[in-house]
Amino acid sequence: MTVTASARRKARHYAMQALYQWQIAGASLTTIEAEFHADNDMSKTDVAYFRDLFHGVAKNLDTVEDTFTPYLDRSVEDLDPVSRALLRMSAYELQHRMDVPYKVVINESVALAKKFGPTDAFKFINGILDRTAATLRAAEVAADKKT
């Protein structure tokens with residue numbers, strides 16, 4: 001399957017939902033992933049990307065959270081579950097997926113926050129990820145500001 005923007009968007013959508021479920025239910029990653037494959041049509045999804053995001057966040061949770069917690073006005077545990085899942089997933093992408101432009105990571109996360117998050121969560125997510133990107137992708141952000 002050719003990787004398209006749409007396939008990546010679906011991968012992020014499902015990864016965010018899987019992370020949400022993992023946070024709430026505490027089931028194993030393998031169980032949750034199997035449920036997603038059984039319950040969703042993954043044929044137009046970048047499944048490898050979904051798997052990388054979902055497992056990557058769980059495997060690197062502490063280092064992922066360390067990238068954005070300095071910018072929070074509350075603890076990670078006090079965030080609503082959708083915002084927590086989105087910040088974790090996006091911070092992982094900013095940290096580990098240099099093949100994806102930082103603006104794409106932020107825009108996709110904001111879109112998911114608008115769809116699934118509480119009112120105005122997208123503004124909060126945008127602000128936190130802007131600051132996180134400025135740290136993790138300093139050269140990319142600086143180059144972008146020059147143009």
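Biologist: Let's start with α1: what covers its buried residues?

Modeller: The cover over the buried residues of α1 includes α2, α3, α4, α5 and α6. Here, a helix is a DSSP run of H or I with at least four residues, numbered from the N terminus. Buried means under 20% relative accessible area, exposed means over 50%, and partly exposed lies in between, using a 1.4 Å probe and protein chains only. The covering residues are in contact, which means heavy atoms within 4.5 Å.

Biologist: What should I know about the model before reading on?

Modeller: This is a predicted model, so local features need pLDDT of at least 70 and side-chain atom pairs count only at pLDDT 80 or more, while totals for chains, interfaces and linings use all residues. Residues are numbered from 1 along each chain as its sequence is written, and side-chain values use heavy atoms, with hydrogens and water left out.

Biologist: How does the length of α1 compare with the span expected for it?

Modeller: The expected span of a helix is 1.5 Å times one less than its number of residues. α1 has 21 residues and reaches 30 Å from its first C-alpha to its last, close to the expected 30 Å. Among its buried residues are Ala7, Tyr14, Leu19 and Trp22. Just after α1 comes glycine 26, with a positive phi of about 70°.

Biologist: And what about α6, how far apart are its end C-alpha atoms?

Modeller: They are 21 Å apart, which agrees with the 21 Å that its 15 residues should span. Tyr102, Val105 and Leu112 are among the buried residues of α6, and their cover includes α1, α5, α7 and α8 (138-146).

Biologist: How do I read the sides of a helix?

Modeller: An α-helix has 3.6 residues a turn, so residues three or four places apart point the same way. Now look at α2, where Ile32, Glu33 and Phe36 are buried. These residues lie on the same side of α2 because they cover an arc of only 100° around the axis, taken from the directions from the helix axis to the C-beta atoms. Thr30 and Ala38, on the other side of α2, are exposed. The cover over the buried residues of α2 includes α1 and α3.

Biologist: What is a nonpolar core, and how many residues has the largest one?

Modeller: A nonpolar core is a set of buried Ala, Val, Leu, Ile, Met, Phe, Trp, Tyr and Cys residues joined through side-chain atoms within 4.5 Å. The largest one has 43 residues, and Phe50, Phe68, Leu72, Leu86, Leu87 and Met89 have the most contacts inside it. The elements giving two or more residues to this core include α1 (5-25), α4 (61-68) and α7 (121-136). α5 gives the most, with 8 residues.

Biologist: Which residues does phenylalanine 68 contact?

Modeller: Setting aside its neighbours within four places in sequence, phenylalanine 68 is in contact with Val76, Leu87, Arg88, Ala91, Ile128 and Thr132. Isoleucine 125 counts as buried, at 0% relative accessibility. Not counting residues up to four places away in sequence, isoleucine 125 touches Ser83, Leu86, Leu87, Ser109 and Ala113.

Biologist: Is serine 90 buried or exposed?

Modeller: Serine 90 counts as buried, at 1% relative accessibility. It sits in helix α5, and beyond its neighbours within four places in sequence, serine 90 is in contact with Val105, Ser109 and Leu129.

Biologist: How do I read aromatic pairs?

Modeller: A pair of aromatic rings is described by the distance of the centres and the angle of the planes. Rings of Phe, Tyr and Trp (its six-membered ring) pair if their centres lie within 6.5 Å; planes under 30 degrees apart count as stacked, over 60 as edge-to-face and the rest as tilted. By this rule the count is 3 aromatic pairs. Tyrosine 14 and phenylalanine 36 form an edge-to-face pair, 6.1 Å centre to centre with 70° between the planes. Tyrosine 14 lies in helix α1 and phenylalanine 36 in helix α2, so this pair ties together parts 22 residues apart in sequence. The pair of phenylalanine 50 and phenylalanine 54 is stacked, because the ring centres are 5.9 Å apart and the planes are at 20°. Tyr14, Phe36, Phe50 and Phe54 form one aromatic cluster.

Biologist: What lies over the face of phenylalanine 124?

Modeller: Arginine 74 does, at 4.6 Å from the ring centre. A charge sits over a ring if NZ of Lys or CZ of Arg is within 6 Å of the ring centre and within 35 degrees of the ring normal. Lysine 114 lies over the face of phenylalanine 122, at 4.9 Å from the ring centre.
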